[in-house]
Amino acid sequence: MAESVELPGRLGILPFRNKVLLPGAIIRIRCTSPSSVKLVEQELWQREEKGLIGILPVRDAAETAAAAVVPMVSQGVGSDSGERSTRVQVGTSDSQRLDVKNQQENIQWHPRGVAARALHLSRGVEKPSGRVTYTVILEGLCRFSVQELSTRGTYYTARISPLEMTKTEMEQVEQDPDFITLSRQFKATAMELISVLEQKQKTGGRTKVLLETVPVHKLADIFVASFEISFEEQLSMLDSVDLKVRLSKATEIVDRHLQSIRVAEKITQKVEGQLSKSQKEFLLRQQMRAIKEELGDNDDDEDDVAALERKMQSAGMPSNIWKHAQRELRRLKKMQPQQPGYNSSRVYLELLADLPWQNTSEELELDLKAAKEQLDSDHYGLVKVKQRIIEYLAVRKLKPDARGPVLCFVGPPGVGKTSLASSIAAALGRKFVRISLGGVKDEADIRGHRRTYIGSMPGRLIEGLKRVAVCNPVMLLDEIDKTGVDVRGDPASALLEVLDPEQNRTFNDHYLNVPFDLSKVVFVATANRVQPIPPPLLDRMEVIELPGYTPEEKLKIAMRHLIPRVLDQHGLSSEFLQIPEDMVKLVIQRYTREAGVRNLERNLAALARAAAVRVAEQEQAVPLSKDVHQLGSPLLENRLADADGGEVEMEVIPMSVNNHEISNTFRIASPLVVDEAMLEKVLGPPRFDDRETAERVASPGVSVGLVWTTFGGEVQFVEATAMVGNGELHLTGQLGDVIKESAQIALTWVRARAADLNLAASEDINILEGRDIHIHFPAGAVPKDGPSAGVTLVTALVSLFSQRRVRADTAMTGEITLRGLVLPVGGVKDKILAAHRYGIKRVILPERNLKDLVEVPAAVLANLEVLLAKRMEDVLEQAFEGGCPWRQGSKL
Ligand code: ADP
């Protein structure tokens, strides 16, 4: 055994660190250190033909390749090379180690190793520094023991003697009964292991073949090499030169492996049995996830959570909120998707991630001139309102964080409140978001529900901010006067916090549960009326009134703004549809009677729809007569020219050939012009006309008042009638307390002055004797209240008792006292505009309302006669044809 022989292998592998190569196993080594590269190049690469044996440890940086690789050099060749070789004494006993003095370190080599054959050698790409690496795949062949270790240059060579048995030795051992028993035992255990593995992985076929063909002592090495066993065990396997020892060791290791598989299987079965249904689902889901991942199909929950986390990271949350969000995210990660609370937690985190904590729309340098142009191009008239908006913008420009009041546009519907607010946003270059507060009675609508509630949500403000996705939008609080108070709290007080610059830095939405900074939001509010707005809220706002438009203004708005917009919205242009000014006037007079222009816009849209249908129809079927006319004639001319006076032939031209051209020509040739007939056809018979007032006041007991509602000023008729009874007063028509009192006062005043008014022959006579009075305010669906109907009530009663009709062209407004004084009222401008819309020519106003007339457009005043009254008698004097019917000379 001591002699050295030439081996088929070319490298010797010594156990090193935690790696042992056993015969039959395959190992892959990367040679990166200069010495190992040298080894490969000198011993393996270039000297292939020589069958050298040399030993050199490969000291790679990589731990994985930490086996010592030594080339096998046949005896004598090492010294032939002429290189300086350091002789190292090597002990033969197992306990001895080889001591090699390296420059820096003292490596202890195991005295046995395995000869290996290179199966594959590849050279790595040369680094810019000129360094080369090799990867060698080696197969272990047989054990050897090191006789002498020496260095050659930077690497080692060794004189070795193989520990392979000779053929005769082998035959001897095979006769040994112990060996036979041991090998049978080993084969049986190995077989068992293979069948267990076969059941699990269905790959046993090849291994079984191995078992039958390979000699048993080699099998022992091959089996052991395929298990993960400790370094010590591997070493002792390498040292088991004796076949019987080797076999019994291998049997033991294989058996242990077999047992451990069995135990693992048992545990799995037991655990699986205990798995509840949901756990099973979880397992299946995990598997599904793995499958999806394999398929690259990554839209499952975990990825969602990862995506959510990413979104949260980029949301720019302040640090304290980020901490809070992370806590919540950790909780979410621990939950399973089917667990209650998972979804609500996720929706909450989504909201946190979506909210614009820092995201702002880039604010343009505010250009007041451009802002003015923007306002002018969007809105006709409204000079004062626009002026006030420009002032507001100017202050913002000079002091961007100015805590100016919140603008509140007050006026009837359709006067442009919302569109003015959106123009402000456009002028500031900010996004616009509208929050509707109409009908909000629950504080939670503003502030959100706590997350403990089922179906809890954030409030409308936070929701709006999420929608608009920037933290500095212009936010319109629409219909702020329509919020109400009930048992569910007071939305107005929550709004107070929102609008208070001191408090809105840390606005606390109950759902969000962390403060959100609203201070960058520009708030604008709208309302129909000022009165219902709670005073503290009103205090924070600057009211800008938009009283409604005169018919002339409406006409201009329609011609300049509404018609172009409506046409555009319907895909039309003036080439298709023309609505002449006269027709717009008719629409204003006959089909709308509103303060704003919303119905007008709707009616114009109806006309545009009708036109769109016609145009669309025409595109499909061009009238035949036109077709023939346009295309037929040149053809006919050609035929006539060719035919020498012969019979004229007609040719049929397929429609599709020139269809487009035809319809184009047709369109341009005749745009649809709206006329009265079309108005009636599309919009129906006129809804309003000027005769209405005359018809309604045709009988005594009816008078025309002017009132103020959420829709702006309105003409309100008051009807009074008498019947047999015993002096009672009946009132109907959805009336509030104030108006009921006014009716009482009016009746008292008339009764007290019945004789003076010529309603009774003498002062002792009770004009209510034997009769009841019923006063009705038509349009019963609209709630009415307020003192301004006082004069109208008296006039109706006087008309009833005197049986004289009031003038149909006269409307009135004013509060009366018991003594007959006429007190001023509000909403004069709206009321006069309403009278104007109704075609009324004379308006009786309290004298003290004279100052309000400056607000009324001059064009309206020019068409109206305004009569001022100080006392009730002045009103009556003007209300009846030919003056008041009171007794001449009497003093009222
Ligand atoms: P509000 O909010 O007061 O109810 P909107 O702002 O919705 O009314 O206005 C209704 C429509 O009338 C909008 O299309 C608006 O552009 C238009 N409008 C109102 N006033 C004017 C005006 N002065 N000039 C041009 N268009 C107007």
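Biologist: Which residues lie nearest the centre of the largest pocket?
Modeller: This is a predicted model, with local features needing pLDDT of at least 70 and side-chain atom pairs pLDDT 80 or more, while totals for chains, interfaces and linings use all residues. Residues are numbered from 1 along each chain as its sequence is written, and side-chain values use heavy atoms, without hydrogens or water. A pocket is an open set of 1 Å grid points with protein on both sides within 12 Å along at least five of seven lines, and lining residues have an atom within 4 Å of a point. This pocket has 39 lining residues, and nearest its centre are Glu545, Pro547, Trp708, Gly827 and Asp830.

Biologist: Which element gives the most to that lining?
Modeller: Elements are DSSP runs, helices (H or I) of at least four residues and strands (E) of at least two. Two or more lining residues come from each of α14 (383-398), β16 (541-545), β19 (702-709) and α29 (828-837). The top contributor, with four residues, is α29.

Biologist: How much space lies in the largest pocket?
Modeller: Volume is the space filled by probe spheres set on the grid points. For the largest pocket that space is about 1300 Å³.

Biologist: How much space lies in the largest cavity?
Modeller: A cavity is a set of points where a 1.4 Å probe fits but cannot get out. One cavity of 30 Å³ or more is counted. Its lining is Val410, Gly411, Pro412, Asn528, Glu545, Leu546, Pro547, Trp708 and Asp830. The space in the largest cavity is about 40 Å³.

Biologist: Which residues come nearest the ligand?
Modeller: The shell takes residues with a heavy atom within 4 Å. Of the 19 residues around the ligand, the nearest are Gly414, Lys417, Thr418, Arg565 and Arg598.

Biologist: What share of the ligand's accessible area does the protein cover?
Modeller: Take the close atom pairs first. A ligand nitrogen lies 2.8 Å from a backbone N or O atom of Tyr380, and a ligand nitrogen lies 2.9 Å from a polar side-chain atom of Tyr549. A ligand oxygen is 2.9 Å from a polar backbone atom of Ser419. Of the 560 Å² that the ligand has on its own, the protein covers 90%.

Biologist: Is Leu193 buried or exposed?
Modeller: Leu193 sits in helix α4 (residues 177-201). Its C-alpha atom is 8.1 Å from that of His257, 64 residues apart along the chain. Buried means under 20% relative accessible area, exposed over 50%. Leu193 has 2% relative accessibility, so Leu193 counts as buried.

Methods: A polar contact is a pair of N or O atoms within 3.5 Å; within protein, one must be able to donate a hydrogen and the other to accept it, and residues adjacent in sequence count only if both atoms are side-chain atoms. Accessible areas come from the Shrake-Rupley method with a 1.4 Å probe; for residues, only the protein chains shown count as cover. Buried means under 20% relative accessible area, exposed over 50%, partly exposed in between (1.4 Å probe, protein chains only).
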